[in-house]
Amino acid sequence: MRLSALAPALALAFAATASASAQAPDARLERWLARAEAALEMERPTRARRLLARAHDARPADPRAALLAARLLPAAAAGQASLSERVAADARWLREAIAAADAPEDPLEARALRRADAWAQALLGAHREAVAELPVGPQDRAAAELLRRMATLFVLRDDLLHAERALARAHRALPQDPLLLRELSALHVARGRPDRAVRALLDR
């Protein structure tokens with residue numbers, strides 16, 4: 001057979017191989033993400049970490065690994081003044097993954113990722129940045145709850161200033177919440193500002 005006759009067949013074979021090679025990483029990525037989510041649901045964080053690291057390394061710009069990794073940072077950490085090495089490592093990895101990833105197209109996922117980044121910052125000790133950079137909208141219950149969690153953590157770390165700022169932002173988001181108002185007033189008093197506590201209560 002002449003070489004010229006083989007050329008079209010060789011071109012088609014090459015194209016098919018190239019297409020399969022391009023799709024293989026995508027298939028692995030989807031598999032790693034699905035298995036990581038399953039591991040998180042089964043409370044197998046060590047396995048989830050390995051799978052998420054593979055997914056992130058395969059495609060750093062994909063934000064889905066970071067969205068899942070946010071579930072590794074426990075809300076219960078707000079009740080602990082000192083951070084375990086494991087939680088600190090997870091928080092650092094999450095921040096690096098978020099920095100490398102593209103912003104999610106879904107606005108809800110984008111806000112969730114920014115909340116996760118803020119919580120990681122708070123855990124790692126960047127209290128001012130965590131409070132200031134968190135996006136908070138009117139009646140934003142998710143953000144208000146996160147700010148309240150931050151305030152609890154900051155009080156345990158004797159950072160009453162940023163605890164007060166966190167609760168003030170939470171109160172502005174949910175001014176009708178009586179618990180937030182009471183906690184904010186208590187912090188005003190603790191910081192030697194009883195006049196602010198009185199004014200906050202009178203402004204209800």
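Author: What follows takes the core, a helix and a pocket in turn. This is a predicted model, where local features need pLDDT of at least 70, side-chain atom pairs count only at pLDDT 80 or more, and totals for chains, interfaces and linings use all residues. Residues are numbered from 1 along each chain as its sequence is written, and side-chain values use heavy atoms, with hydrogens and water left out.

Reader: Which residues have the most contacts inside the largest nonpolar core?
Author: In soluble globular proteins, nonpolar side chains tend to be buried together. A nonpolar core here is a set of buried (under 20% relative accessible area, 1.4 Å probe, protein chains only) Ala, Val, Leu, Ile, Met, Phe, Trp, Tyr and Cys residues joined through side-chain atoms within 4.5 Å. The largest has 51 residues, and Leu52, Leu73, Leu94, Trp119 and Met150 have the most contacts inside it. Helix α7 (residues 141-156) supplies the largest share of this core, 8 residues.

Reader: Why does the length of helix α4 agree with its residue count?
Author: The expected span is 1.5 Å times one less than the number of residues. The 16 residues of α4 (residues 85-100) should therefore span 22 Å, and the end C-alpha atoms are 23 Å apart, which agrees. Buried residues of α4 include Asp90 and Leu94.

Reader: What classes of residue line the second largest pocket?
Author: Rolling a probe the size of a water molecule over the atoms shows where empty space is left. The lining has 8 nonpolar, no polar and 4 charged residues. α7 gives the most to that lining, with 4 residues.

How values were computed:
Buried means under 20% relative accessible area, exposed over 50%, partly exposed in between (1.4 Å probe, protein chains only). Helices (H or I, at least four residues) and strands (E, at least two) are DSSP runs, numbered from the N terminus. Ala, Val, Leu, Ile, Met, Phe, Trp, Tyr, Cys and Pro count as nonpolar, Asp, Glu, Lys and Arg as charged, and the others, Gly among them, as polar.
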